Amino acid sequence: MILEGKKLLVTGVVNRHSIGFAIAERAQAEGAEVVLTSFGRVKRMTERSAARLDPQPQVLDLDINHDADIAALRGELERRWGRVDGAVHAIAFAPPDAIGGHFMETPRESAKLAFETSAYSYKALAECVAPLMEEGGGALIGLDFDATLAWPSYDWMGVAKAALESVNRYLARDLGPNGVRANLVAAGPVHTAAASGISGFSQLESLWGDAAPLGWNPRDPGPVADAALFLLSDLSRGITGEIVHVDGGVHAVGAAALPADDAE
């Protein structure tokens, strides 16, 4: 088992459709011990999801935008385990007026909140767990969506994902000397609670199905989770600052393949 004995922190689990849930479930099957995080009204949903896992992990409080929560989480992890081997950043949020096709109308405060919650939070999580990785090294994983293009309806979340990719490179630079790796998994569109709140998601989903050379099933987070497990494992010990695309190949092609009769 590639994660035997690993102590992993997984954020962003809302329900069993969350990519974070698939990562936690598969990580347990590969021998890892897992804890989840959540806060506020969503925490009860996270706890119901945790009850589906075996063994049932504890759900610790974390509002990533509150420094006190971050400090408390580090203390709890240190008391519980004394170390952390890996952490999954599956946190993203943009207010409704920052997504959905109204890019130019988005107010400053909404754009700032999207950046803080979706990009700066990766550094905040690293700041929480990296001190607990100093002896044996560790792995940080973030969930990304290809930020090299302007996607329909994605708007300021797309801008935040571009920032997330930059944060990942700086984390790789600054944490590498301590043996801590930082990598992202750029997933194709997956049916999650977050995706359901994006106007135009079905359009993006249809585009993906037509364009992906390998095909793409938006209801199966398994391929994304499996890539995350590889990056959390020692098999990826020489990889940092990377963005692994798990999107059926869409990032590599300019458009969907033309029918044979139209190809010339």
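Trainee: Is Lys6 buried or exposed?

Mentor: Buried means under 20% relative accessible area, exposed over 50%, partly exposed in between (1.4 Å probe, protein chains only). Lys6 has a relative accessible area of 15%, so Lys6 is buried. This is a predicted model: local features need pLDDT of at least 70, side-chain atom pairs count only at pLDDT 80 or more, and totals for chains, interfaces and linings use all residues. Residues are numbered from 1 along each chain as its sequence is written, and side-chain values use heavy atoms, with hydrogens and water left out.

Trainee: Which residue forms a salt bridge with Lys6?

Mentor: Side chains of opposite charge can pair when their charged atoms come close. The criterion is a side-chain nitrogen of Lys or Arg within 4 Å of a carboxyl oxygen of Asp or Glu. Here the partner of Lys6 is Asp234, with the closest N and O atoms 2.9 Å apart. The two are 228 residues apart: Lys6 sits in the segment before E1, Asp234 in the loop between H8 and strand E7 (243-246). Helices (H or I, at least four residues) and strands (E, at least two) are DSSP runs, numbered from the N terminus. Asp234 is partly exposed, at 43% relative accessibility.

Trainee: How many salt bridges does the structure hold?

Mentor: The count is 10. Another joins Lys7 and Glu33, at 2.7 Å from N to O. Lys7 is in strand E1 and Glu33 in strand E2, so this pair ties together parts 26 residues apart in sequence. Lys7 is buried at 17%; Glu33 is partly exposed at 35%.

Trainee: Where do Glu76 and Arg80 lie?

Mentor: Both are in helix H3 (residues 67-80), 4 residues apart, about one turn of the helix.

Trainee: Where does H4 bend?

Mentor: A bend is the angle between axes fitted to the seven residues ending at a residue and the seven starting there. H4 bends by about 50° at Ser121.
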